[in-house]
Amino acid sequence: MKQLKQTNRPPDHRPADDRNGAATAAPPRTSKHRRPASTQWAAWGFLAPVTLYLALFYAYPLYRNIDLSLRNYTVRSFVQGDAPFTGLANYRTVFDNPTFTPALLHTALFTAVCLVFQYAIGLALAVFFNQHFRLSATLRALFLVPWLLPLIVSASTWSWMLNTDSGIVNAALHALGIGPVNWLTSPSWSLTSVIIANIWIGVPFNLVVLHSGLQSIPAGLYEAAALDGAGAWRRFWSITFPLLRPVSAITLLLGLVYTLKVFDIIWIMTKGGPADSSTTFATWSYQLGFGNLLPAFGPGAAVGNLLVVAALVFGLVYVRVQRKQALS
C-alpha cells in the first residue's frame, strides 16, 4: 500500500531545480560581444606600426619644435641640450620683428590667390574633361605632369622662363612689343612670379580631385534638367556646383594646408627677396633657423608654430562646418 500511495502521488509541476531540493546556481552569462584575447592582440599588433610612425614622425617633431620655441637655443646649447627656458620671449621677438607684418601679408595673399586660381582653373578643366570626348583621358594625363615633377625641377624651370635676359616669357613679350619685366629681381613682381609658378603646380591636384567628384553626380540629373530647358550654365550652378560642395571643401582645405607651407618654390626662385618682397612665414622660418651664420632657432621655431596653428584652426573650422552640414 505504501508503494501504491507513492506511485499515485500527483505530479509535481515545480521547476526541476526546486524539485531537487536546493536550487543549483545558474551558469554565469558570458557577454556575446567580448572579443577573444587573440583578436585583441591582433588588433593592437596592426595599430602598433601606425602609432609608432605617428609618434616618431609627427608627435615628437611637433614637441621638439614647441620646445625650441620656448627656449633660448644657440648652436652650443642645441648640441648639449642645456638651453635656458624663456617662455614666450621668442614669440615676442617674432612679433616685434619688422619682417613679421610683410611676411604675414605675403603669406595671406600668396595662399588666397593660389587657392582661388587653382580651384577655379581645376574646376573648369574638370568640367571640360567630364565631357568624355576623344583623347580626353590622354590630355588629362598630360595635365598631371606639373604635379608629378619634383618641385626643384618645376621651380628651376620657372626661374629660367622668367629670367629677365634669357627667359622665354620676356622673349614673347618682346615679340609683342612689350619691354622686359624683372620678374624675379623686382620687388613689384617677385611675389607675382612665385604665385604664378605655384598655381601651375597646384592645378593638377584640383583637377584630379574635382574630376573624381564629378563622376559621382548621377547623369540623370543633367538629363532631367536639359529636358526642363536648363542651359549649360544653369545646370552647372544648380547641379554641379552644389553637389560638389563636400569635394570642394576637402580640396580647398588640403590646398590651404599645402600652400601655407610652400617653401621650395619661393626659395629656389627668389629666396624671399628682393628686400623681403616675397618672404612668407615658411621662408622666414627657414631663414631664421638656417639662413644665417648665427641661427636663431627659437624664433624660427616660433614662426613655424604659427603656421601649424593657422593650419589647425582652418582644419577645425572645416570639421565644424562638415558636422553642421551632416546634422542639417
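Accessible areas here come from the Shrake-Rupley method with a 1.4 Å probe. With that in hand, I looked up the total for this predicted model: the protein chain has about 21,400 Å² of accessible surface, and carbon and sulfur atoms hold 67% of it.

**Overall make-up**

I checked the secondary structure next and found 17 helices and zero strands in the protein chain. Of its 328 residues, 32% are buried. I also looked at how far apart in sequence the contacts reach. Among those with a separation of 6 or more, 64% join residues 24 or more positions apart.

**Confidence**

The chain's average pLDDT is 85, and 88% of the residues score at least 70. Residues 1–7 fall below 50, and I found zero contacts for this stretch beyond near neighbours in sequence. Residues 21–25 also stay under 50, though here the model has three contacts beyond four places in sequence. Where pLDDT is low, the coordinates should not be read in detail, so I left both stretches alone.

**Nonpolar patch**

Which residues make the nonpolar surface patch? I listed L135, L139, L142, V145, L149, I152, V153, W200 and I268, together covering about 750 Å². Helices α7 (136–142) and α9 (151–161) each give at least two residues to this patch. W200 sits in another part of my notes as well, being in helix α11, residues 190–215. Its relative accessible area is 34%, so W200 counts as partly exposed; the patch takes residues with over 30%.

**L210, also in α11**

I stayed with helix α11 and went to L210. Is L210 buried or exposed? Its relative accessible area is 0%, so L210 is buried. Beyond four places in sequence, I see L210 in contact with Y119, G122, L123 and A126, and also with L244, V247, S248 and T251. I also took a C-alpha distance: L210 and L125 are 85 residues apart along the chain, yet 9.2 Å separates these atoms.

**T279, in a loop**

Last stop was T279, in the loop between α15 (264–269) and α16 (281–290). Despite the loop setting, T279 is buried because its relative accessibility is 2%, and the cut-off for buried is under 20%. What does the side chain of T279 make a polar contact with? I found the side chain of D276, at 3.3 Å. Leaving aside neighbours within four places in sequence, T279 touches T99, P102, A103 and H106, plus G272 and W284.

How values were computed:
Residues are numbered from 1 along each chain as its sequence is written. This is a predicted model: local features need pLDDT of at least 70, side-chain atom pairs count only at pLDDT 80 or more; totals for chains, interfaces and linings use all residues. Side-chain values use heavy atoms; hydrogens and water are left out. Patches are made of residues with over 30% relative accessible area and no salt bridge: like charges are joined within 9 Å, nonpolar side chains (Val, Leu, Ile, Met, Phe, Trp, Tyr) within 5 Å. A salt bridge is a side-chain nitrogen of Lys or Arg within 4 Å of a carboxyl oxygen of Asp or Glu. Helices (H or I, at least four residues) and strands (E, at least two) are DSSP runs, numbered from the N terminus. Buried means under 20% relative accessible area, exposed over 50%, partly exposed in between (1.4 Å probe, protein chains only). pLDDT is the predictor's confidence in each residue, from 0 to 100. Contact means heavy atoms within 4.5 Å. A polar contact is a pair of N or O atoms within 3.5 Å; within protein, one must be able to donate a hydrogen and the other to accept it, and residues adjacent in sequence count only if both atoms are side-chain atoms.
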